[in-house]
Amino acid sequence: GETGHWRTMRPVVDPERCLAARTQQRCCFICWLFCPEMVITQGCPVKIDLTYCKGCGICARECPRGAITMVPETEDDAHE
């Protein structure tokens, strides 16, 4: 289901660190593999569907390049 307003942290992808984005090739995608909600789309860089992301942070922990960071969810972020 949709996350709603209860998520406290959200993932942000840094395309400069994302291996797929840097090489412009479909590679790595470890974040996609480990996401329990399957909200990550393989791309260059990957895209995360925040409508369904629960903010668990597994993608950030598993990324070998440190390209995903978890940032606090704020009221302003929800409207972006």
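Tutor: What follows starts with the salt bridges and then moves out to the rest of the chain.

This is a predicted model. Searching the whole structure turns up two salt bridges. One joins the side chains of Arg 7 and Glu 73, at 2.7 Å from N to O. Arg 7 sits in the segment before strand S1 (9-13), and Glu 73 sits in the segment after strand S4 (68-72), so this pair ties together parts 66 residues apart in sequence. Both Arg 7 and Glu 73 are buried. The other salt bridge joins the side chains of Arg 10 and Glu 73, at 3.5 Å from N to O. Here Arg 10 belongs to strand S1 while Glu 73 is in the segment after S4, so the pair ties together parts 63 residues apart in sequence. Arg 10 has 13% relative accessibility and therefore counts as buried; the cut-off for buried is under 20%. Put together, Arg 7, Arg 10 and Glu 73 are linked in a network of salt bridges.

The protein chain has three helices and four strands. Their order along the sequence is β-α-α-β-β-α-β. A compact globule of 80 residues would have a radius of gyration near 12 Å, and the protein chain agrees, because its own value is 12 Å. Along the principal axes, the C-alpha atoms fill a box of roughly 35 × 20 × 20 Å.

Take the contacts between residues at least 6 apart in sequence: 62% of them join residues at least 24 apart. Of the 80 residues, 31% count as buried. The chain exposes about 5200 Å², and carbon and sulfur atoms supply 53% of that area. As for charge, there are 9 positive and 11 negative charges, and their mean positions are 10 Å apart.

With a relative accessible area of 52%, Gly 4 is exposed. Its C-alpha atom is separated by 8.3 Å from that of Tyr 52, which is 48 residues away along the chain.

Arg 65 lies in the loop between helix H3 (58-62) and S4. Its relative accessible area is 35%, so Arg 65 is partly exposed. Neighbours within four places in sequence aside, Arg 65 is in contact with Arg 17, Leu 19 and Arg 22.

At 51% relative accessibility, Arg 22 counts as exposed. Leaving out residues up to four places away in sequence, Arg 22 touches Pro 15, Glu 16, Arg 17 and Arg 65. Arg 22 and Pro 45 are 8.0 Å apart from C-alpha to C-alpha, and 23 residues apart in sequence.

The peptide bond from Cys 44 to Pro 45 is cis, with omega near 5 degrees. Pro 45 is in the loop between strand S2 (40-41) and strand S3 (47-48).

Gln 24 is in the loop between helix H1 (19-23) and helix H2 (30-34). Its phi is near 55 degrees, a positive value in a residue other than glycine. Phe 29 lies in the loop between H1 and H2 as well. Phe 29 is not a glycine either, yet it has a positive phi of about 55 degrees. Gln 24 is exposed, with a relative accessible area of 54%. Phe 29, at 8% relative accessibility, counts as buried.

Back to your request, in brief. Arg 7, Arg 10 and Glu 73 form the network of salt bridges. Arg 7 and Glu 73 are buried, and Arg 10 counts as buried too.

Definitions and conventions: Residues numbered from 1 in each chain as written. Predicted model: local features only at pLDDT ≥ 70, side-chain atom pairs only at ≥ 80, totals over all residues. Heavy atoms only, no water. Helix = DSSP H or I, 4+ residues; strand = E, 2+ residues; numbered from the N terminus. Rg over C-alpha atoms; globule rule 2.2 N^0.38 Å. Buried < 20%, exposed > 50% of the residue type's maximum accessible area, 1.4 Å probe, protein only. Contact = heavy atoms within 4.5 Å. Areas by Shrake-Rupley, 256 points an atom, 1.4 Å probe, with all protein chains shown as cover. Lys, Arg positive; Asp, Glu negative; His and termini not counted. Charge placed at Lys NZ, Arg CZ, Asp CG, Glu CD. Salt bridge = Lys/Arg side-chain N within 4 Å of Asp/Glu carboxyl O.
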